[in-house]
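Please keep the structure in view while reading.

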Amino acid sequence: MHSILDNRPELKAQIDAVAEVAGYLWMKGWAERNGGNITVNVTEWVDDALRAMPALEEARPIGTVLPKLKGCWFYCKGTGRRMRDLARDPMANGSLIRILDDCASYEIVADRPVLPTSELPSHLNVHDYLIGKGLPYKASLHTHPIELVALTHGRKWLQKDAATRMLWSMIPETKAFCPRGLGMVPYMLPSSVELADATLKTLDEGYDVVMWEKHGVFAVDTDIMNAFDQVDVLNKAAQIYIAAKNMGFEPEGMSAEQMQEMTAAFGLPK
Ligand SMILES: [Zn+2]
């Protein structure tokens with residue numbers, strides 16, 4: 001079947017990376033049923049011929065006005081679609097959309113008219129924020145990492161940076177590869193405006209990965225593989241903590257001196 005990705009290797013590589021990550025999310029048990037979301041700003045890989053293509057359907061309202069997204073293009077997971085299906089066939093379980101000049105509506109320009117995730121407004125809101133801040137981040141990921149979610153059922157880990165400090169101290173690479181730590185957002189109704197606002201506020205405090213209590217993570221990074229890696233590194237640290245607890249003791253964690261030494265040696269933020 002003809003695809004709009006034919007003869008567009010750079011755009012295809014971006015979408016292949018989304019499919020690869022979707023497969024990892026399923027294999028790790030982080031993406032049950034249609035759980036999780038991915039959106040990627042692919043504007044820089046959209047050529048003039050693609051820009052000139054007609055939409056597959058009439059324009060739809062985003063539900064909000066996002067001035068920084070004028071003329072932007074996104075790959076979005078389809079609403080109700082499974083990550084494990086997206087891994088096999090990203091263009092049948094997701095679509096490309098372009099934001100129209102009113103900054104309030106979008107059109108689907110893709111192989112099939114797959115309707116984007118119901119979380120589109122909150123994801124696009126984050127992309128609008130990232131562009132406004134001048135950040136090079138292109139990808140946003142929401143998923144349900146088992147051990148990190150389990151951690152948020154314990155009150156003490158919900159305090160600001162308590163989980164970050166513990167996770168960083170489990171294995172040196174955690175701070176090296178997730179240097180901004182894990183932001184914490186208290187439980188709020190999924191898909192609510194309140195949750196979207198709290199997520200944006202936490203990103204604005206400097207975190208790349210935001211934990212939603214008893215639900216999952218929301219991560220942003222330069223591309224989808226890097227966003228996945230940050231969550232993977234944090235969840236690995238949570239698994240080490242749990243493994244030590246399962247052996248019947250409280251893990252010691254790296255000392256404050258060891259953390260300071262590594263922070264200086266790797267030139268990480270304090
Ligand atoms: Zn979720």
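Two residues are said to be in contact if their C-beta atoms, placed from the backbone, lie within 7 Å. Helices (H or I, at least four residues) and strands (E, at least two) are DSSP runs, numbered from the N terminus. The model is predicted: local features need pLDDT of at least 70 and side-chain atom pairs count only at pLDDT 80 or more, while totals for chains, interfaces and linings use all residues. Residues are numbered from 1 along each chain as its sequence is written.

The protein chain contains ten helices and nine strands. Its radius of gyration, taken over C-alpha atoms, is 19 Å.

An automatic or database domain assignment divides the chain into domain 1 (1-144) and domain 2 (145-208 + 219-270). Their contact takes 23 residues from domain 1 and 17 residues from domain 2. On the side of domain 1 that touches domain 2, α4 gives the most, with five residues.

The largest nonpolar core has 73 residues, of which Val18, Val209, Val210, Val217, Ile224 and Leu234 touch the most other members. Such a core is a set of buried Ala, Val, Leu, Ile, Met, Phe, Trp, Tyr and Cys residues joined through C-beta atoms within 7 Å. Helix α9 (residues 224-246) supplies the largest share, eight residues. Beyond its neighbours within four places in sequence, Leu234 is in contact with Leu148, Leu167, Thr174, Cys178, Leu182 and Val209.

Which residues of α8 are buried? In this helix (residues 193-204), they are Leu195, Thr199 and Leu203. Seen down the axis, the buried residues fall within an arc of 75°, so they line one face of the helix; the arc is that of the directions from the helix axis to the C-beta atoms. They pack against α4 (120-132), β7 (182-185), β8 (209-212) and β9 (216-221). On the other side of α8, Glu194, Lys201 and Asp204 are exposed. Just after α8, Gly206 takes a positive phi of about 115°.

Methods. The expected span of a helix is 1.5 Å times one less than its number of residues. A residue is buried if 20 or more other C-beta atoms lie within 10 Å of its own, exposed if 12 or fewer, and partly exposed in between; C-beta atoms are placed from the backbone. The radius of gyration is taken over C-alpha atoms; the globule rule is 2.2 Å times the number of residues to the power 0.38.
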